[in-house]
Amino acid sequence: MVHGDSWQYRVMTQLDIDQVAKARGAFADRNPQSRLRYQQARKVLPGGHTRTVLSHTPFPLTFVRGDGAVLTDADGHDYIDLLGDYTAGLLGHSEHRVLAAVHAALSEIASVGGIHPHETRLAQLMCDRFGLERVRFTNSGTEANLMAITTAIQATGRRKLMVFHGGYHGGLLSFASGPASSNAPYDFVIAPYNDLPGTVALIEQNRDELAAVVVEPMQGSGGCIAGEPQFLTGVFASARAAGAVCIADEVMTSRHGRSGLAPMLGAHADITTYGKYIGGGFSFGAFGGNADLLDQFDTERSNFISHAGTFNNNVATMAAGEVVLADIFTADVAEAHTARGNDFRANLAAVLARYPLPVSVCGFGSIMSLHALASQPTNADDVARRDPALQELLFLGLYQRGVYTAARGMINLSLPLTDDQLSTALESLDDTLAELSRLTG
Ligand SMILES: Cc1ncc(COP(=O)(O)O)c(C=O)c1O
């Protein structure tokens with residue numbers, strides 16, 4: 001491992017390769033049941049599961065139980081869950097208020113091919129909380145973004161979409177490591193994140209053809225890189241002047257502050273997309289915003305846009321969402337959780353500062369990422385220069401000590417995490433860094 005500034009340009013050394021192989025071996029030895037289940041799963045599920053992000057070397061663990069902020073794996077190990085299901089697990093595991101609400105709702109009515117009260121109530125809660133005039137539900141954040149894009153294309157009669165290098169808007173809209181080959185075939189213009197002059201120049205070049213600008217107020221999957229307020233407001237102003245629709249993807253970040261990160265940073269979108277925790281553990285997505293755009297879906301209009309989906313208004317999700325927004329994650333709780341996340345990130349940074357290793361942390365509120373980089377990344381190109389061996393050793397080191405994070409370094413605090421669990425996680429990071437410092441001399 002190399003310290004200081006020279007880390008960026010080096011390749012893996014034999015020392016790194018040996019250390020990573022040793023850490024993978026220890027992980028595999030400790031988790032025989034998970035390895036077995038993974039091998040069995042691969043016979044019927046390509047890759048052993050249905051969510052590419054879960055893959056890591058040597059194999060992902062199988063979890064069999066969750067309670068509060070603790071996960072238990074198939075070999076009986078307990079983990080402090082710092083991943084929080086990539087932000088969907090904000091409520092932790094087995095939140096009894098959600099279970100009770102869903103049980104009560106499903107006891108009355110289950111699969112209903114019609115309108116039911118839970119849908120309207122959740123829509124009202126979403127409009128009140130996030131300042132929306134209208135909202136529509138989907139089954140995922142990906143779908144919410146696809147429908148938001150459809151709304152913009154139909155409203156403008158244009159076809160080009162501005163997205164950002166390092167952005168992620170779902171499995172069919174991924175730019176986190178360059179445009180994915182699996183992306184939906186839109187005509188994308190890919191702009192540089194947090195670079196206002198570069199983005200404005202691209203908007204100008206495409207000003208008569210842009211249907212929408214789609215932006216995350218913080219690039220989540222791209223490394224938890226927060227948008228600069230002037231960048232976000234400047235992009236929206238410039239896009240609006242060009243006649244494009246401004247779409248804020250708050251699928252991850254709507255948990256920040258009282259009504260999401262974009263408004264907190266002063267950026268007000270025409271359409272905003274939602275997902276993750278709002279469904280309380282059930283599949284969820286939504287897109288909402290200005291009535292003039294959303295009312296294109298009003299079936300009382302002669303030329304309305306169709307938006308179908310068998311499970312869009314499923315009773316379980318709607319009932320769970322109601323209790324999440326009305327009782328559990330109120331605006332006051334959201335504000336406090338954002339502050340708690342900022343404190344924890346500062347505590348992580350203080351632990352990192354004790355060691356001469358190129359590791360930094362960045363993010364906003366309760367969503368953050370550890371990066372094997374000497375200083376915080378400001379864009380996707382910085383993230384791409386991380387030290388892969390150190391990143392993996394950090395992940396496996398924390399895992400080995402009972403702390404579950406994303407292989408890519410992401411951490412998302414859930415509500416049931418106790419102060420003691422957060423302190424234990426910090427001690428585990430300290431211990432991991434101490435070991436890595438010794439190994440690297
Ligand atoms: C910013 C953002 N948008 C959209 C999505 C897609 O949501 P889903 O996985 O529910 O389709 C994600 C998922 O991680 C996301 O982070």
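Begin by selecting Asp85, which is found in the loop between β3 (78-81) and α3 (96-108); helices (H or I, at least four residues) and strands (E, at least two) are DSSP runs, numbered from the N terminus. What you have open is a predicted model, in which local features need pLDDT of at least 70, side-chain atom pairs count only at pLDDT 80 or more, and totals for chains, interfaces and linings use all residues. Residues are numbered from 1 along each chain as its sequence is written.

Asp85 has a positive phi of about 45°, although this residue is not a glycine. Asp85 is partly exposed, with 19 other C-beta atoms within 10 Å; with C-beta atoms placed from the backbone, a residue is buried if 20 or more others lie within 10 Å of its own, exposed if 12 or fewer, and partly exposed in between.

Next, select Cys224, in the loop between β8 (218-219) and β9 (225-226). Its phi is near 60°, a positive value in a residue other than glycine, and Cys224 counts as buried, with 27 C-beta neighbours inside 10 Å.

Then move to Thr57 and Pro58, which are joined by a cis peptide bond with omega about 0°; Pro58 lies in the loop between α2 (32-41) and β1 (63-67).

Now display the sheet, an open one of seven strands with mixed pairing, in the order β4-β12-β11-β10-β7-β5-β6; two strands pair if DSSP finds at least two bridges between them. The edge strands, each pairing on one side only, are β4 (134-138) and β6 (187-191), and the twist averages 20° from one strand to the next. Within this sheet, select β5 (residues 160-164) and β7 (residues 210-215), which run parallel and are joined by three bridges; Lys160 stands opposite Leu210 in β7.

Contact here requires C-beta atoms, placed from the backbone, within 7 Å, while axes are lines fitted to C-alpha atoms, for helices over the stretch in contact, and angles run from 0 to 180 degrees between N-to-C directions. Helix α7 (residues 229-241) lies across β7 and β10, running at about 170° to β7.

Finally, which residues come nearest to the ligand? Of the 16 around it, these are Ser140, Gly141, Thr142, Gly170 and Val251, where near means a C-beta atom, placed from the backbone, within 6 Å. Helix α5 (residues 141-156) gives the most to this shell, with three residues.

Note on methods:
Two residues are in contact if their C-beta atoms, placed from the backbone, lie within 7 Å.
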